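Keep the sequence and the 3D view open as you read.

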Amino acid sequence: MDYQLSDGFCAKDIPTGIVQKIMGVTYHENDDIKISELAYLELLHYDFNGNIAKGELICNKKLAKEVLHIFKDLYDVRYQIEKIRLADEYGGDDDLIMADNNSSCFNYRVIFNTNTVSLHGLGRAIDINPLYNPYIVDGRIMPDNAEPYADRQKDFPHKIDESDLCFKIFSSYGWLWGGNWVNKKDYQHFYKEQSRVRKAICKLRSKIL
């Protein structure tokens, strides 16, 4: 694919150099998703200093245009995301990714304490500012250095809740939020299930036209 939304926002087939970089790290041969079903995205975002920074993501190819529109919307409202780097920069280690507050998408891995492939492994989930928006399950806070941000009654910068622009923008495209889960909470986690794709395509098409 080759899709240019605007300056600084484009999606393409994963370049050869990036394929070589992710092989054996965040991508492993599997029966769930092929390299050809993934897309490489280049985008812009505002960092925590309010400066424009470059970011890169790998996501499911079926969601690539939509993801670009989401990040363009975040960019247009100057929403601050500290960094957006491929999970491979951290060896695919989710703990390191979260602890460094890196926002990312694709990483072929299982859900914590299960044998189930995460939606990150299908390029259908994106974590935003994960240090400030931790994953909490069975009393454990992840990443370990996120304890100051586990109390969601407190006010602090970069907190995602239902009043936050990040939540509102992702939700407007039909993405779901882990902060609404009952038995565990994943405040960083936005995801798009297969059944919700068709509605979003209609929304995206009308926006493009």
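Let us begin with an open sheet of three strands, in the order 9-8-11 and with antiparallel pairing. Strand 9 (140-142) and strand 11 (185-186) stand at its edges with a single partner strand each, so one side of each has no neighbour in the sheet. Strand 8 (residues 135-137) pairs with strand 9 in the antiparallel sense over three bridges, and Val137 stands opposite Arg140 of strand 9. Two strands are taken to pair if DSSP finds at least two bridges between them. Helices (H or I, at least four residues) and strands (E, at least two) are DSSP runs, numbered from the N terminus.

A word on the source: this is a predicted model, in which local features need pLDDT of at least 70 and side-chain atom pairs count only at pLDDT 80 or more, while totals for chains, interfaces and linings use all residues. Residues are numbered from 1 along each chain as its sequence is written, and side-chain values use heavy atoms, with hydrogens and water left out.

Strand 3 (38-46) and strand 4 (52-60) pair in the antiparallel sense over nine bridges. Across this pairing, Glu42 stands opposite Glu56 in strand 4. Strand 4 is largely enclosed by the rest of the structure, because seven of its nine residues are buried. Here buried means under 20% relative accessible area, exposed over 50%, and partly exposed in between (1.4 Å probe, protein chains only).

Five residues lie between the two strands of the hairpin, and Gly50 takes a positive phi near 80 degrees. Asp47 is also found in the loop between strand 3 and strand 4. A polar atom of the Asp47 side chain lies 2.8 Å from the backbone nitrogen of Asn49. Leaving aside residues up to four places away in sequence, Asp47 touches Gln80, Ile81 and Glu82, where contact means heavy atoms within 4.5 Å.

In the largest nonpolar core, which has 35 residues, Phe71 and Ile128 touch the most other members. Strand 2 (9-13), strand 3, strand 4, helix 2 (64-76) and helix 4 (165-172) each supply at least two residues of this core. Helix 2 gives the largest share, seven residues. Such a core is a set of buried Ala, Val, Leu, Ile, Met, Phe, Trp, Tyr and Cys residues joined through side-chain atoms within 4.5 Å. Not counting residues up to four places away in sequence, the contacts of Ile128 include Phe71, Tyr79, Ile160, Cys166 and Phe170.

Helix 4 has buried residues at Cys166, Phe167, Ile169 and Phe170. The buried residues of this helix pack against helix 2, strand 7 (125-127), strand 10 (176-177) and strand 12. At the N-terminal end, Asp164 caps helix 4, with a side-chain oxygen 3.1 Å from the backbone nitrogen of Cys166. Gly174 follows helix 4 and has a positive phi, near 85 degrees.

**Salt bridges**

How many salt bridges does the model have? The count comes to 10, a salt bridge being a side-chain nitrogen of Lys or Arg within 4 Å of a carboxyl oxygen of Asp or Glu.

| Pair | N to O separation |
|---|---|
| Lys12 and Glu42 | 3.9 Å |
| Glu66 and Lys192 | 2.7 Å |
| Lys159 and Asp155 | 3.9 Å |

Lys12 in strand 2 and Glu42 in strand 3 are 30 residues apart and link distant parts of the chain. Lys12 is partly exposed at 26% relative accessible area, and Glu42 is partly exposed at 30%.

Glu66 in helix 2 and Lys192, in the loop between strand 12 (189-191) and helix 5 (197-208), also link distant parts of the chain, 126 residues apart. Glu66 counts as buried at 3% relative accessibility, and Lys192 is buried at 0% relative accessible area.

Lys159 counts as buried at 12% relative accessibility, whereas Asp155 counts as exposed at 75%. Elsewhere, salt bridges that share partners join Lys83, Arg85 and Asp100 into one network.

How values were computed: Polar contact = N/O pair within 3.5 Å; in protein donor to acceptor, adjacent residues only side chain to side chain.
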